Amino acid sequence: MIDRFSDWVSHRHEYAKEWKKRVGGKVIGYFCTYTPEEILYAADLLPVRIFGAHEAETSIVEPYIYGMYCPFCRDCLAQGLKGKYDYLDGIVIAQSCLHMRQAFWAWQKYIPHEFDHYLFMPHGIQNVGRYEFLHAELTRFKGALESWLGKSITGADLNRGIEICNENRHLMRQIWEFRKLDTPPITGLEAMDITMSSQITDKREHNKAMTQLLKELPERRLDRETGTRLMIIGSENDDREFTKMVEQEMNLPATFVIEEHCIGSRYFWNNVAHEKDRLMAISKRYIDRPPCPNKDWPMRTRFSHILGLIEEYKVEAVILMQQKFCDPHELDKVPLERFFNERNIPNYFLEFDVTQPTGQFRTRVEAFLETMLELV
Amino acid sequence: MTQQKYRLEPLKTWTKAKELRREYYRNFLEAKEKGGIRYAGGTVAFHAVVAGLGRDVYNLTGEPYGATCAFMEPFGIAAQEACDKAGIPRDLCAYMRNYWGSILLDKFILTDGKVISGWPKPDFFFTIHMCCSHAKWYQFAGELEGSVPLYAVDLMLIDPRDDKERFQCSIDYATQQVSEGIEWMKKVTGREWSFDLFCEAAENEIASRSLWSKICAYNQAVPAPLEEKSMFSFYVFNTICPHWKTSVDFYRELKDEIEDRLDRGIGAIYPEKFRFVNDCQPPWAFLKIFRFLEEEFGALSVGSLYSLGFGSWRLGEDGALLPAKTFAEQGIDLRAMKREDAVRTYLEQVIKGFNGGPVFQTSRIKVELMKQLYKQWKAQAMIIHLNRGCEGLSLGQMQDKLELTKEDIPVFTYEGNMGDPRDFDLPRIKDKLETFMENVGATRISQGVT
């Protein structure tokens, strides 16, 4: 069962193309998890998150993106320029960091598509007027989709979109409960495949697969030692090779039992609550979700959320991973390290690029576990 | 020997500009001795709003302070290295790193290069947030300094040319936040907020911005009365204290002087053989590249969206960039309005006239403005500083280059850093510049003035 998720991740483009053929619908690519997928499902679209491919060769983006922009945004755009996403009918971004905005701009200008939309997602998620501003933006977004598709998106449609997404989040939270166990029946890599595939498949199919998995998990036993319970925190982490290396190729056993990044838990942690004004309900969900660091001000709400996860998932050590040049996460790096150090939570920083020096990272992570946890 | 066709003359307002800037930093430093209030925040931080707290409220804007550090190279390097030592990533905003680095060093630098021991801790932060760094800058600064309260206005830079209704929504959102910010400031300072002082400061700010735009617009003349290296020393008042009457008075005096220079045909450099438009903040420790182009090729920068951006602009029917009008010129009387309406009118005026907005929000409008600047200011090339120190203003730069090149505009890019003097390869950039200038047919002064 679990292989289904990794298969979806590995064959994401084939899946989307096949979906189009099967359903006859349109596919829309999105750049940041602040994009309200509920509205896209309400419009009978298939939302797929645009990911990179971790290919060493991304020079195709050089004419469009300055070299000091993060490898993730460059890798995403590279896939578009290479034609890997030629099945997309539209693209959308919910305002996030400047780097993803740059990738969106270049895609908007240089890669053919029918529809594009820039959604002004507030950064001031603790400020007055935030819910109302986003509500107006969601209304505008819904209107733009209606004009493009030539049909109206009704309240019932929105309810359907909300239900699909909420169920998906609810099921993932149930699966994540199993990661709290002393011997989790699911690895960090498998968990990553589940969340990643949720972002690129029809959630209705994904929900069925997760429901099936939930039936199997209580009996599932992994033929491996859990070892050190790790948490990974940082920017977008779709790096399966690194996760696999830590969990399967090190001399010291370790398992990622939880993560705090936007491909993992940050993506699905909270639901849309019931409210008569459905767009307001969606607005509140996205404003109140665990924040990206660039929206976490003036008060730091993110750190206490992280601490809560550490306690709940019995985390023993933290790996702070960061996409090179990712300003939002760089801005939190030193304060977060201080936060951990003040609480004697072992932590280790790694800077990620499109491809990783796996051997070097292996040595470094092993050394971290040895020294911080006094294993030898 | 070639006959000189127009005269050069030192700018009379130059010394005054230096004195005023020195006074600004001194005021911040000595605010507590005078029983006043210190606050810090970004350059575009709606200073007129804070001015309502009293005439003894002095601010420090982070970006110009970071630029001063970089210009004073050894101090800039020390601040950058203090950040490195603290584990702060090197590619973050270089102004912010100079600011944080100064706190870590517990030192403050004045514009004459004098280093003061002891970082002057502000009483609060009031800023805007429009790139990834602004609010986070002061969040961490407050932690380093020890519990300095922060209020940051989330600024949506929606261009009214793109969508008027959406623009109004963004102004409503900003107005709500600023109104709440006023109450917040009253609470954290224990002071009353004066509507009259706000109106006075808002009128000053809009007048300062309008005057600076008028001064920049004069640079369309041939020969240009100003070169951008000097403009950097003048625009600064709109980055630190646009809301002060001294800024309005200074810009009025500078405008008169430039008009006089235009009347008498006095240029900024001689010979003026080549005009270009610049993009982005300059590498402050290496302004000598501007002098190099002047001295070798008689080439001057007539402006940039960056320098012009600290003015206030409107578009004419033909797309021409025109200085925006002051409140008085528009017949707007803030004092006759209710507080919220006056705040809204002020914010709308600042945001609408701010050319920096499109740089962050839409690539298309930035390119249009760059083309307009190139054409209207009679430039022959664009020089783009790919600024490793500012992800915000380097947003879209490669696309800009592509689009400008499609219009047969010669574009030169070089990599540097506005705030970190270690990120600049002067000999290589000079070599590249020489090659570019030769390719666009610019002749060296040593080859004769024609």
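Predicted model: local features only at pLDDT ≥ 70, side-chain atom pairs only at ≥ 80, totals over all residues.

Student: How should I read the overall form of chain A?

Tutor: Begin with the secondary structure, then turn to the dimensions. Chain A has 15 helices and eight strands. Its radius of gyration is 20 Å, close to the 21 Å that the globule rule gives for 376 residues, so chain A is as compact as a globular protein of that length. The C-alpha trace of chain A spans about 65 × 50 × 45 Å along its principal axes.

Student: What percentage of the residues of chain A count as buried?

Tutor: Of its 376 residues, 53% count as buried. As for contacts in chain A with a separation of 6 or more, 77% are between residues 24 or more positions apart.

Student: How is a sheet to be read?

Tutor: Strands of a sheet pair through backbone hydrogen bonds, and the pairing is either parallel or antiparallel. In chain B, four strands form an open sheet in the order 2-1-5-6, with parallel pairing. Strand 2 (57–61) and strand 6 (150–154) of chain B are the edge strands, each pairing on one side only. From one strand to the next, the twist averages 20°.

Student: How many bridges join strand 1 and strand 2 of chain B?

Tutor: Strand 1 (residues 37–41) and strand 2 of chain B pair in the parallel sense over five bridges. Within this pairing, B:A40 has B:L60 in strand 2 of chain B as its bridge partner. Helix 3 (residues 62–71) of chain B packs on the sheet and touches strand 1 and strand 2 of chain B, its direction making about 60° with that of strand 2. Helix 6 (residues 134–145) of chain B lies across strand 1, strand 5 (124–129) and strand 6 of chain B, and runs at about 160° to strand 5.

Student: Where are the cis peptide bonds to be found?

Tutor: One looks at omega. A cis peptide bond joins A:W297 and A:P298, with omega about 0°; A:P298 is placed in the loop between helix 12 (278–288) and helix 13 (302–312) of chain A. Another joins B:Y270 and B:P271, where omega is about -5°. B:P271 lies in the loop between helix 11 (245–263) and strand 7 (274–279) of chain B.

Student: A:F325 and A:N344 have a positive phi. Is each of them buried or exposed?

Tutor: A:F325 is not a glycine, yet its phi is about 70°, and the residue is found in the loop between strand 7 (317–323) and helix 14 (327–342) of chain A. A:F325 counts as buried because it has 25 C-beta neighbours inside 10 Å, the cut-off being 20 or more. A:N344, likewise not a glycine, has a phi of about 55° and lies in the loop between helix 14 and strand 8 (347–352) of chain A. With 6 other C-beta atoms within 10 Å, A:N344 is exposed.

Technical notes
Residues numbered from 1 in each chain as written. Chains lettered and ligands numbered in written order. Helix = DSSP H or I, 4+ residues; strand = E, 2+ residues; numbered from the N terminus. Buried ≥ 20, exposed ≤ 12 C-beta atoms within 10 Å, placed from the backbone. Rg over C-alpha atoms; globule rule 2.2 N^0.38 Å. Contact = placed C-beta atoms within 7 Å. Pairing = 2+ DSSP bridges. Axes fitted to C-alpha atoms, helices over the stretch in contact; angles between N-to-C directions.
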